[in-house]
Every structure is written in C-alpha cells, then in structure tokens.
Amino acid sequence: MTYFRENIEKAVGYTPGFQPKEADVTKLNTNENPYPPSPKVLEAIKSIKPEKLRKYPDPLADEFRKAAADFLNLSPDYIMCCNGGDDLLKIALQSFCDPKRPLAYPTPTYSLYPVLAQIQSCETIEIPFDDEFNLPPKLAGTDAALTIICNPNAPTASFINPDEIASLADESNTVVLVDEAYVDFAEDNCIRLIKDFDNLIILRSMSKGYSLAGLRFGYAVAQPSLIKGLLKVKDSYNVDAVAVTAAAQALKDQKYFSQNIKKIKQQRKYLTEKLRLLNFKVPDSCANFVLAACKKQNAKQIYQKLAKQNIYVRYFDLPRLDDKLRITVGTKQQNEKLIAALNKII
Ligand SMILES: Cc1ncc(COP(=O)(O)O)c(C=O)c1O
C-alpha cells in the first residue's frame with residue numbers, strides 16, 4: 001500500500017553531494033566557490049529592516065530583475081528570478097513536459113534532469129556526447145518538448161560554442177534551455193542569442209561565480225513571451241526578501257566578482273597541471289571544477305582514501321564516469337593539500 005503516485009514510489013530522488021558537518025575538512029565535492037561573497041552582500045543583509053520581513057516579498061523581485069537587466073543590457077521583462085537555478089529547471093519541466101512531451105539532453109550531464117523528468121512523469125531522450133563532448137547532431141531531430149544543454153557541462157567541464165547552440169535553437173521546434181550555472185568561469189556565453197530566438201531560455205545561478213550557494217538564487221533570461229508563461233508556473237513568492245536584496249548587491253559588485261573569478265581560474269590552471277603530472281587525464285576545464293580520469297588507479301579507491309583524510313571530491317558510479325573524479329577548484333591552500341594527499345596515495 002502506498003500513498004504516492006506510481007512514478008514517485010519508483011523514484012530514487014536526487015543525491016546531493018555530501019555536506020560534512022565538521023569545519024576542518026577540505027571540501028572539493030559540490031562546486032561551491034571557495035571565497036566568500038562580496039562584503040556588500042553582508043552589509044545589505046545586516047541593514048534589512050524588520051518591515052521587509054513582516055511583509056511578503058515582491059513576487060517579481062524587481063530589485064534583482066532591474067540589476068540583472070542592467071548587467072545584461074536587456075529590459076527587466078527578459079528576467080525571471082528563481083530560488084536557485086534548480087527552481088528554474090523544475091518550473092521549465094512543469095511548463096513544457098508531461099507524459100506525451102519528452103525531455104531531451106546529451107549525456108553525461110547534470111544528474112538532476114532525469115530526476116525532475118521522473119517527478120513530472122515525462123519520458124527522457126538521452127543522446128550520448130562523443131568522446132570530445134561535441135553537441136550531438138541528433139538532438140535537433142528529437143520530438144522533445146524541452147531540450148536542455150548544460151554549458152559549461154557538468155561534470156565534464158566542457159563547453160559548446162554558442163553558434164552551435166544557435167543552430168540547435170534554429171532547427172528545433174521546441175524550447176532549448178541552456179543551463180549556464182557555470183558560465184562565469186567560461187570565456188563565452190549564450191546571452192547574445194536571446195533576442196534572436198523565441199524558444200531559448202538561459203539559466204543563470206548566483207551559487208557558483210557569486211559565492212551564494214547558501215542563499216538560493218538564480219534567474220532565467222528569455223524573451224518576454226516565454227517569461228510571461230514561466231511566471232504562471234512559479235510559486236508566487238519563490239524568492240525571499242533577504243535573498244533578493246543580497247543577490248542584487250552581489251551582481252552589482254562586478255569588481256569583487258571579477259577578482260574572484262580570476263583567482264579561481266589561476267587555481268584551476270594550477271590544479272590541472274599538477275593532476276596531469278600525477279598521470280591523471282584532465283581535459284581543459286571551462287568551469288570551477290575539473291574532471292580527472294585515473295589512467296591506472298581505481299578512481300573509487302582514490303576517492304575513498306581521500307575521504308578518510310577529510311578531503312572530499314565527487315565520484316559518480318555511472319557509465320563513462322566511474323573511472324574519474326570531479327574535483328572542485330578550491331583555494332591555493334586546499335588545492336595544495338589535495339595534491340599532497342594524492343602524491344602519497346598514488
Ligand atoms: C549544472 C547545474 N545546473 C544548475 C545547478 C543549480 O544551481 P543552484 O540551484 O544552486 O542555482 C547546479 C548546481 O550544482 C548545476 O550543477
């Protein structure tokens with residue numbers, strides 16, 4: 001006897017990366033930014049007036065919408081605020097997918113997509129990437145109602161040229177959602193396509209580049225006709241009053257943001273080079289993590305040995321990933337600690 005819908009009963013749900021309780025750990029497993037958010041964010045949170053908490057928040061979060069519109073040189077009606085990028089993914093599936101309207105995406109990719117599809121009772125069309133992680137041409141010809149391209153892709157850290165995504169949007173009769181959660185660490189993005197395609201949605205997150213994973217804030221960028229439809233599906237008050245102000249301050253402090261991104265890119269280079277010297281196969285990364293393939297050693301065993309020393313990286317027991325470790329780029333000190341530990345293990 002179950003109270004749940006059949007597909008929920010069958011579902012295993014999403015497995016988030018391990019969040020250790022101890023403070024004294026080297027946490028390189030969930031792609032958080034290792035540096036704190038802009039001091040302006042904390043000042044904004046401290047100066048919140050009780051009145052702001054007493055009332056319901058602005059349903060459209062216009063303070064952030066305006067900041068994002070200025071930043072992207074668009075009008076605010078191109079923006080919808082969300083309770084993290086994951087909230088937008090859920091809204092998109094609810095908006096476009098059902099048992100007769102499948103979801104398509106290339107694999108391997110963000111493991112939340114199939115989980116959301118299962119909750120929404122929609123089929124998934126999974127098309128494998130080739131070994132260089134190029135956009136699979138077959139994606140344009142599916143009968144999916146929604147196609148998601150994670151760019152930069154997780155967990156491969158690879159990047160697809162926006163011109164190729166433009167061709168996909170052009171050839172598709174369906175909605176194409178580009179998940180740009182990690183785009184702050186890449187050299188290009190898809191924003192310039194937004195005025196050309198009425199079937200394109202871009203997901204942005206404040207969790208990674210802006211160090212606000214704990215705040216839960218993300219946003220959608222799309223033509224106003226699509227935003228209007230998505231707004232019907234979101235919770236009325238999906239972003240809270242504190243988060244709106246804090247996220248807007250983070251976005252406005254581009255000087256602090258750029259310094260942070262520069263440090264992470266320097267550390268990404270260090271980590272990649274050191275891992276290659278240790279005989280890992282590490283493709284160049286366009287994100288704040290690297291995917292390191294173990295040529296001889298067993299990846300799962302390395303992951304377990306690191307965890308015993310309170311150094312956490314991510315291991316996926318999945319086809320094409322089970323010989324690899326996904327390692328978040330940490331601070332200089334964290335990365336050095338990881339490399340020293342790997343030196344002893346290998
Ligand atoms: C590929 C990808 N998309 C979206 C998200 C959602 O990020 P958030 O909900 O923290 O904004 C994540 C989080 O890890 C991610 O890895």
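Val-176 stands opposite Leu-200 in strand β7. Strands (E, at least two residues) and helices (H or I, at least four) are DSSP runs, numbered from the N terminus. This is a predicted model: local features need pLDDT of at least 70, side-chain atom pairs count only at pLDDT 80 or more, and totals for chains, interfaces and linings use all residues. Residues are numbered from 1 along each chain as its sequence is written.

**The sheet**

- Seven strands form an open sheet with mixed pairing, in the order β2-β8-β7-β6-β5-β3-β4. Two strands pair if DSSP finds at least two bridges between them.
- β2 and β4 (124-128) are the edge strands, each pairing on one side only.
- On average, neighbouring strands of this sheet are turned by 20° against each other, direction ignored. Axes are lines fitted to C-alpha atoms, for helices over the stretch in contact, and angles run from 0 to 180 degrees between N-to-C directions.
- Strands of a sheet pair through backbone hydrogen bonds, either parallel or antiparallel.
- β6 (residues 175-179) and β7 run parallel, joined by four bridges.
- β7 and β8 run antiparallel, with five bridges between them. Ser-205 has Gly-218 in β8 as its bridge partner.
- β2 and β8 also pair, in the antiparallel sense, over four bridges. Here Cys-82 stands opposite Gly-218 in β8.
- Helix α6 (residues 112-119) lies across β3 (103-107), β4 and β5. Helix α6 runs at about 160° to β3.

- Six of the six residues of β7 are buried, so β7 is largely enclosed by the rest of the structure. A residue is buried if 20 or more other C-beta atoms lie within 10 Å of its own, exposed if 12 or fewer, and partly exposed in between, with C-beta atoms placed from the backbone.
- Leu-200, Ile-202 and Arg-204 point one way from β7. Ile-201, Leu-203 and Ser-205 point the other way.

**The largest nonpolar core**

- This core holds 97 residues. A nonpolar core is a set of buried Ala, Val, Leu, Ile, Met, Phe, Trp, Tyr and Cys residues joined through C-beta atoms within 7 Å.
- Leu-103, Leu-146, Ile-201 and Ala-247 touch the most other members.
- Helix α9 (residues 241-252) gives the largest share, eight residues.
- At least three residues come from each of domain 1 and domain 2.
- Leaving aside neighbours within four places in sequence, Ala-247 is in contact with Phe-64, Met-206, Leu-212, Leu-215 and Phe-217. Contact means that two C-beta atoms, placed from the backbone, lie within 7 Å.
- In soluble globular proteins, nonpolar side chains tend to be buried together.

**Two domains**

- The chain is divided into domain 1 (17-36 + 255-345) and domain 2 (39-252). These bounds come from an automatic or database domain assignment.
- The domain centres, taken over C-alpha atoms, are 25 Å apart.
- The contact takes 23 residues from domain 1 and 17 residues from domain 2.
- On the domain 1 side, α10 (254-277) and β10 (289-294) are the elements that give two or more residues. α10 gives the most, with five residues.
- That side has 14 nonpolar, five polar and four charged residues. Ala, Val, Leu, Ile, Met, Phe, Trp, Tyr, Cys and Pro count as nonpolar, Asp, Glu, Lys and Arg as charged, and the others, Gly among them, as polar.

**A loop residue, Ala-213**

- Ala-213 is in the loop between β7 (200-205) and β8 (218-222). Ala-213 is partly exposed, with 17 other C-beta atoms within 10 Å.
- Not counting residues up to four places away in sequence, Ala-213 touches Glu-32 and Ser-207.
- The C-alpha atoms of Ala-213 and Asn-33 are separated by 8.2 Å, though these residues are 180 apart along the chain.

**Backbone details**

- The peptide bond from Asn-151 to Pro-152 is cis, with omega near 0°. Pro-152 sits in the loop between β5 (146-150) and α7 (162-171).
- Another cis peptide bond joins Ala-154 and Pro-155, with omega about 5°. Pro-155 is also in the loop between β5 and α7.
- Ala-61 is not a glycine, yet has a positive phi of about 55°. Ala-61 lies in the loop between α3 (50-54) and α4 (62-72), and counts as buried because it has 28 C-beta neighbours inside 10 Å.
- Asn-73 has a positive phi near 60°. Asn-73 lies in the loop between α4 and β2 (79-82), and counts as exposed because it has 8 C-beta neighbours inside 10 Å.
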